[in-house]
Amino acid sequence: MTVSLAIVGAGDRGTTYAGYTLRSPDEARVVAVAEPRDAHRTTLADAHRVPPSARFDSWQALAARPRLADAVVLATPDREHAEPAARFAALGYHVLLEKPIAPTEAECEAVTAAAERAGVLLAVCHVLRYTRYTEAVKRYVEAGTLGRIVGVEHLEPVGWWHFAHSYVRGNWRRADTSSSSLLTKCCHDLDWLRHVVDDTPVRVSSVGGLHHFHPGNRPVGAADSCLDCRVEPRCPYSAARFYHDCLADPDRRVWPLSVLTRDLTPAGVTEALRNGPYGRCVFTGGNDVADHQSVTISFAGGATATLTMSAFTPGGHRRTRIMGTHGYLEGDGEQVTVTDFVTGATVTTDTRGGGADAGTGHGGGDMRLMAAFVEAVATGDRSAVRSGPRESLDSHRMAFAAERSRLAGGIPVALAAPDRGRPSPATSPPAPRADVDSSMP
C-alpha cells in the first residue's frame, strides 16, 4: 500500500520528512498540509501537488476534518507538540513526532498516554538510531565483542556557528519559549546512550551553564546588529560573514540558510539579517540556555555514561568511546574502531552515510527513519520503528532530571522506575483505515 501523510508544520523538518515521498512515491505521498505561514504552506503543498481543499492554515483546521491520511508528520514548534499530538492520535492518525516530545515532563507523559489509549503508532524522531554508524556500534555491543560495558564517553559537538544559529539567535534560545538546550538538542543523544547500553537509567547528575553568550562578554564597541558592528570582522560569531558564506555552500543553502529567508541572494540574506533575529549580536540576544553542559548517567547494571554538549567545537558528528571488559570502541560518526583485548587486534569499520547536520540528513538518519515509519504504518509491523514511546519517554525523563540537577548545582537525581505496566503500542494493531477520506487524491 501507499501510505498517505499529512504534514503539520512546513518548516525545515516538515519539509525534510515530506521529501521522502518524492524519493519513494510508491511508498508514501503527502495528501494534506497544515501550516500558518502562507509561503511555507504553499511551497510545500505545491511541491507535493496537494489540492487547495487539503491546505490548512492551522493544525486545528486539519483536526476538525474527518481523518484525511494514514499518518501525520508533526513538525510544529516544540511548545505546539503536545496538544496536536494527542488530538491527532485520538482521531486515529499514526504520529511521527519531531523531537522533543514536548517541553515538560507532564506533557511528554500525556502524549505517550494519548497514543496508547488510541492504539496508534507514536514514533519520535530519534534519527540517530537509524544511521549506519549506530548500527555498527550496536552490532559490536550485541555480539559481545566489548564484553560488559563499563563506561561510555559521548560528545555532542554542537559547533560554534550552529549553537549561535539555533540556540542564541534561533527558535531554541530561551527555556521559557522552548526548553533547555539539553532537551532540545540532546534528547537524541540520551536516547542513543540508552539504546547502545540497553539498560535502564537510574540516576543522573549534571553541571554546566551559559558560559559565553551573555552581555557580560560583549566586546567593547560591539553593536546590537552584526551589520552595524565595527567588531564584526574579528568576531567568530559574525552573522554577516557566516550567512553570506552559506550562499556558496549547497548544503547550507538547504539548512541553515533557508531558515532565514526564501530569497537566497546576497540582497535577500542582508535584508533577513537586518530585519530578523539572525543578524543580532550573540551577546545581546536575550538567550538563556546552557552553551556547555556535562551529564553523568548511572544505569541499573552498573555502567556509567557521560554526555558532553558543547557549543565550543567545530561541529560535525558525535564522538563516542565505549569501554568494555573485553574490548574498546571509538567512533566519530564516519568510522568505528574496535580493539579486542583477547587478540590485541584493531578493526575499523567505515560507516559514512552523509553529513552530521540537518542540511545533510543527519548521517542518513532522516530518510531511514521515514522509511521505517512508512513501513510500520503500511505493514502494521511496528518493530520497523526502533524506539517505542516508552523508551522515548525514558530519554526525555533523563533530560528533565539532568536539568534539575544542573540547576541544583550538580546534585544527583534519582529516576523513577519506568512505567511498564501499560500495553505496548508496538504490539497493538494499527488503527483501522476505514474512516480515511478516500476522496483525497
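What radius of gyration would a compact globule with 441 residues have, and what does the chain have? The globule value would be near 22 Å, and the chain has 22 Å, which agrees. Here the radius is taken over C-alpha atoms, and the globule rule is 2.2 Å times the number of residues to the power 0.38.

A word on the ground rules: this is a predicted model, where local features need pLDDT of at least 70, side-chain atom pairs count only at pLDDT 80 or more, and totals for chains, interfaces and linings use all residues. Residues are numbered from 1 along each chain as its sequence is written, and side-chain values use heavy atoms, without hydrogens and water.

The chain holds 14 helices and 15 strands, read as DSSP runs (H or I, at least four residues; E, at least two) numbered from the N terminus. Some overall values follow.

| Property | Value |
|---|---|
| C-alpha box along the principal axes | roughly 60 × 55 × 40 Å |
| Buried residues (under 20% relative accessible area, 1.4 Å probe, protein chains only) | 54% of the 441 residues |
| Contacts (heavy atoms within 4.5 Å) with a separation of 6 or more that join residues 24 or more positions apart | 72% |

Now for a closer look at helix α6, residues 132-142. Its buried residues are Tyr133, Thr134, Ala136, Val137, Lys138, Tyr140 and Val141. Their cover includes helix α8 (181-197) along with the strands β7 (149-157), β11 (319-324), β12 (327-331), β13 (335-340) and β14 (346-350). Just after α6, glycine 144 takes a positive phi of about 85°.

Notes:
Buried < 20%, exposed > 50% of the residue type's maximum accessible area, 1.4 Å probe, protein only.
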